[in-house]
Amino acid sequence: MGRTTVQTTFVVLGGTGDLTGRLLLPGLAELFTADARARDGDVALLAVSQQDWSDEEYRDWARARLAEHAGHVAEDVRDALVGRLAHQQGDVTAATDLRKALDRAAGRPVVYLALPNTVFLGTLQALTEVDLPEGTTIGVEKPFGRDQADARELNAVLHRLVPEERVFRTDHFLAMQTVLNLLGLRFANRLFEPVWNAGHIERVEIVFDETLGLEGRAGYYDTAGALRDMLQNHLLQQLALIAMEPPQAIDGASLSARKADVLRAVRSPADMARDTVRGRYTAGTVDGRALPDYTSEEGVDPARETETYAEYTVTIDNWRWSGVPFRLRTGKALGTDRQEIAIWFKPVPHLAFGSRGQAEPDVLRMRFDPDHISLEINLNGADDPFELERRSLDIDLPPTPLSAYGLLLAEMLGGERTLSISDVEAEESWRIVEPILAAWSAGEVPLLDYPAGSAGPAAG
């Protein structure tokens, strides 16, 4: 770890957790493939965990995770990464242990909290007792806090540690190719920006439906639920990118300012019973797989009434979007994977075709995994040129060399914040969803059952 070539040490708190093995290490392997400087010595990794492991034992663990989750990366690159790994046993909420870890970090440390959010505060408070090296960056996983008050407290401690420009609040959805293409599609094409407003757009849907069930994540998911897991962060960030005003530049400061303006203008649902839906899957079959009732999954406490389906509709109180409903939805164990942004344009004001064609609204769809953009429009028919037919203009986006986490790591380790969430965004996101959580907790909105493999709750 002490090689003089090391410019940055990635200090991962929670270095033996699922997030590290499944996403961070593969992301680093992709970065090593794309950036020879990182591979040849600029970047090292120090994992901190409670495991009593030597460096070599940790490397064995990491080698196995990389073989499982980064098989697409060349073996020599994976070996190069493994050679840059070290391990430090320690309690992430103990200042003495954190001090020992940072003493081993060469160059500029990037301290990443790959931890359950329940220990964020204790870890950050412990870091206030450590003399952090100059230029330290702190990265924090989502969800950022449990509510707005918690987010404010986390921000206050973070700002005692490092300036805001050296805080990286991650949301890997921001690094997805389709989400990033929102910026190019809208701000690099004169075709879209003039009609990107309430005068031409009827409604917006942001959907992340999954066929996957709990997949052994009860420890986290049953205390979070669909709304906290997806709608408070990932999908609200997509809403902010869709609805923001044109930024001066595509950089962290400009994007954060524009997104924060949007989130400040978002109004929570006016009628919770009408504008929100919560549900929980029961036993059923998805793609030939039998799934048990959510409440019978190992580690689930039925008394919590954790939702596996969440939906709400909000409006944005500003000139551009007044009156346009934004519907956000996510669900697990549904019959079909549907992960997309859909922009529904208003119908034409007068149809010259009369009864010879039905002009449906134009729809711009941006789909995830695989990344795909389509524009559904009306054209003259092939058989009868005076009748209308529905056609779709489709673009399959080629795969990128870096996954979402690979791109996030490249930004973080490079000192960029284009894909980071600001302190204001984090707090405003909680302001939006807290009234929904309160209404659900008070029983104002029923928890609806839906069979696994179905389309979701009847009201959804």
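This is a predicted model: local features need pLDDT of at least 70, side-chain atom pairs count only at pLDDT 80 or more; totals for chains, interfaces and linings use all residues.
1. Helices (H or I, at least four residues) and strands (E, at least two) are DSSP runs, numbered from the N terminus. Local features need pLDDT of at least 70 and side-chain atom pairs pLDDT 80 or more, while totals for chains, interfaces and linings use all residues; residues are numbered from 1 along each chain, and side-chain values use heavy atoms, without hydrogens and water.

2. Which residues of helix α5 are buried? In this helix (residues 95-103) they are Ala-95, Asp-97, Leu-98, Ala-101 and Leu-102. Seen down the axis of α5, the buried residues fall within an arc of 160°, so they line one face of the helix; the arc is that of the directions from the helix axis to the C-beta atoms. On the other side of α5, Lys-100 and Asp-103 are exposed. Buried means under 20% relative accessible area and exposed over 50%, with partly exposed in between (1.4 Å probe, protein chains only).

3. **The nonpolar core.** The largest nonpolar core has 140 residues, and Phe-10, Ile-138, Leu-239 and Phe-326 have the most contacts inside it. Helix α14 (residues 423-441) provides the largest share of this core, eight residues. Such a core is a set of buried Ala, Val, Leu, Ile, Met, Phe, Trp, Tyr and Cys residues joined through side-chain atoms within 4.5 Å.

4. **The largest cavity.** There are two cavities of 30 Å³ or more. A cavity is a set of points, on a 1 Å grid over the protein atoms alone, where a 1.4 Å probe fits but cannot get out; lining residues have an atom within 4 Å of a point. The largest cavity holds about 110 Å³ of space. Of the 14 residues lining this cavity, Phe-144, Gln-232, Asn-233, Ile-421 and Ala-426 are the closest to its centre. Helix α14 gives the most to this lining, with three residues.

5. **The second largest cavity.** This cavity has a volume of about 60 Å³. Its lining consists of Leu-174, Leu-180, Leu-183, Leu-241, Leu-255, Lys-259, Thr-418 and Leu-419. Helices α8 (177-187) and α11 (252-265) each supply at least two residues of the lining.

Conventions. On a 1 Å grid over the protein atoms alone, a cavity is a set of points where a 1.4 Å probe fits but cannot get out, and a pocket is an open set with protein on both sides within 12 Å along at least five of seven lines; lining residues have an atom within 4 Å of a point. Grid points are joined across faces, edges and corners, and a volume is the space filled by probe spheres set on the points.
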